[in-house]
Each structure stands twice: as structure tokens, then as C-alpha cells.
Amino acid sequence: WGSSEMGSNSQNEEKNDQAPSTRQNSSNSRTTRRSISSTMQRINPLNPIKRRRNKNKSEGYYITDKFERRECAKFVPQASDILNRCKCGAESRDHSKEAFRTNYEASEPWHPHVDATSFPTNAYGEINFMANENDILPLYLRCAMDTDLADLSELLLEKWSLPKPNLLISVFGGHSKFDSSGIEALPDIKNGLVCAAKSTKAWLFTSGVNHGVSNLVGDAVAMKRSFIDSIPVIGVNC
């Protein structure tokens with residue numbers, strides 16, 4: 001900020017000492033002012049323009065080579081489920097035709113390593129939330145539940161450049177019955193969570209959904225946006 005302001009001030013002083021400038025000088029001055037304004041926008045953390053990460057073209061090949069997704073190949077209905085979900089957790093509409101080649105009863109066993117097929121992941125990149133005021137877009141990845149933790153660690157630390165944590169704070173639960181409206185100390189809980197994560201250089205893990213205690217974490221992050229930027233918040237959803 002200092003160099004930009006100094007550059008702007010020195011230019012104004014020089015223009016006051018000179019005679020009326022020519023059209024060429026006026027054009028150069030406008031160009032310089034636009035350059036200074038552009039520079040100030042880029043370094044202003046409140047600038048609403050989203051700043052995309054500098055991505056290596058090979059990152060996509062790295063992700064599809066390292067990470068897989070699993071798709072259910074055998075639809076086995078859950079007992080007494082009104083949504084007609086499979087034992088894999090997905091609804092019937094989310095299955096391919098091959099998963100219905102045989103009509104199984106609810107008593108049929110289902111195992112992810114046997115009844116799900118592996119493919120290279122097809123979902124990764126950046127999410128541009130409409131209400132996101134942060135200048136760095138959040139990243140996401142779809143991967144199998146049995147993904148090697150060493151590969152995930154390499155992705156988070158080296159490819160996505162997250163700071164190495166000293167502590168992992170996991171906040172899960174209460175999706176359906178958690179009601180925070182009657183908790184008088186709720187502001188203190190939110191502040192304490194953020195301060196604990198900041199002071200210990202921790203990562204915050206939630207389910208990544210707008211329900212239960214995960215919603216509480218989201219509110220805490222929104223309240224402390226300028227303070228929380230250096231704290232990775234990671235949503236894990238199955």
C-alpha cells in the first residue's frame with residue numbers, strides 16, 4: 001500500500017509543477033492511474049473479484065491418476081426406507097442400469113470392495129459460491145473411502161499448499177436434532193473454536209453441510225472472516 005500511495009503522490013506533485021500537459025502526457029497519466037488502481041485492487045483483501053489459484057496444467061492428470069471414485073454396481077434396498085435408497089447410501093436414481101440387473105432383497109449383503117466399481121475420479125477443482133466474499137476459491141475432490149492417506153496428505157500439503165497443521169479439530173454430529181437457538185453461550189463457543197484453531201495452527205474438519213454443529217462452524221468462520229483466512233476448514237461428506 002505504501003509504495004502505491006507514494007507513487008500516486010509523487011505523480012500529483014510533478015503534475016502541479018509542470019505546465020499544462022500535452023495529450024500524450026495526459027494519456028500516460030491516465031494509464032499510470034489505471035495501473036495503480038489495478039494494483040491496489042489486486043492486493044486489497046476485500047476486493048470481491050475472485051482470485052484463481054496458479055494451477056499447473058499437470059495437476060488434473062495428477063489427480064485422475066492418484067484418486068479414484070467408487071460407483072455402486074449392485075442395488076440392494078435398505079429395509080423400510082421411504083426414499084428407496086441402496087445400502088451404499090445413494091438413492092435408486094443415482095445408480096446405473098447395470099446396478100439393477102438382479103432384483104435383490106434387503107437381506108442381501110452389500111460390501112463396498114465387492115459391490116462397487118472403481119473409476120478415475122471425475123469431480124475436482126474449485127467451487128465459486130455466489131455469496132463467497134473471500135478472494136480464494138475453495139477446492140474440492142471426490143475420492144473413494146479407502147483412498148491412501150499418504151496421497152491425500154500430498155494433495156493437501158503440496159498440491160493445494162495448505163499449511164502443515166499442529167492439530168486436527170473434528171466437529172461432527174447433530175445433523176437432525178441439534179438446536180443452537182437456546183444456547184446462551186453460543187457466541188463464546190464460536191469465538192473459542194476460532195481462537196483455539198488459530199492459536200494451535202489447526203485444521204477444522206466438518207461434514208461440510210449447513211446442518212447441526214457444522215452450521216455452527218460455518219457461522220463462526222463467517223463472523224471471523226478476516227481472522228480465519230489462515231485456518232483451513234475442510235468438509236468431509238460420504
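Author: Happy to! A helix axis here is a line fitted to C-alpha atoms over the stretch in contact, and an angle between two axes runs from 0 to 180 degrees between their N-to-C directions. Two packed helices are described by that angle and by the distance between the axes. Please keep in mind that this is a predicted model.

Now to the pair itself. Helix 6 covers residues 186-200 and helix 7 covers residues 212-223; they pack at an angle of about 75°, with 9 Å between their axes. Because angles of 65 to 115 degrees count as roughly perpendicular, helix 6 is roughly perpendicular to helix 7. On the helix 6 side, the contact is made by L186, I189, K190, N191, L193 and V194, and on the helix 7 side by L216, V217, D219, A220 and M223. Sorted by class, this contact has eight nonpolar residues, one polar residue and two charged residues.

Let's stop at K190, a residue of helix 6. Is K190 buried or exposed? Its relative accessible area is 11%, and buried means under 20%, so K190 is buried. Leaving out residues up to four places away in sequence, K190 touches L216, D219, A220 and M223.

T206 lies in strand 6, residues 202-206. With 5% relative accessibility, T206 counts as buried.

Helix 3 passes helix 5 in a left-handed crossing. Helix 3 brings E59, Y62, I63 and K66 to the contact, while helix 5 brings D151, E154, L155 and K159. By class, the contact of helix 3 with helix 5 has three nonpolar, no polar and five charged residues.

Within its residues 59-66, the buried ones are E59, G60, Y62 and I63. Seen down the axis of helix 3, these buried residues fall within an arc of 160°, so they line one face of the helix. What do the buried residues of helix 3 pack against? Their partners are strand 3 (124-126), strand 4 (139-141) and helix 5 (149-159). The face of helix 3 turned away from the buried side carries Y61 and D65, which are exposed.

Next comes T117, found in strand 2, residues 116-120. T117 has 34% relative accessibility and so counts as partly exposed. Setting aside residues up to four places away in sequence, T117 touches R69, R70, E71 and A73. From T117 to K74 there are 43 residues in sequence, yet the C-alpha atoms of the two are 9.5 Å apart in space.

The loop between strand 1 (68-72) and helix 4 (112-115) is the place of S80, and N84 sits in the loop between strand 1 and helix 4 too. S80 is not a glycine, yet its phi is positive, near 55°. N84 is likewise not a glycine and has a positive phi of about 55°. As for accessibility, S80 has a relative accessible area of 80% and is exposed, whereas N84, at 37%, counts as partly exposed.

Finally, step back to the whole chain. There are eight helices and seven strands in it, and 25% of its 238 residues count as buried. Of the contacts in the chain with a separation of 6 or more, 69% are between residues 24 or more positions apart.

Technical notes: Residues numbered from 1 in each chain as written. Predicted model: local features only at pLDDT ≥ 70, side-chain atom pairs only at ≥ 80, totals over all residues. Heavy atoms only, no water. Helix = DSSP H or I, 4+ residues; strand = E, 2+ residues; numbered from the N terminus. Buried < 20%, exposed > 50% of the residue type's maximum accessible area, 1.4 Å probe, protein only. Contact = heavy atoms within 4.5 Å. Arc of directions from axis to C-beta. Left-handed = near helix turned anticlockwise from the far one by under 90°. Nonpolar A, V, L, I, M, F, W, Y, C, P; charged D, E, K, R; others polar. Parallel < 35°, antiparallel > 145°, perpendicular 65-115°, else oblique.
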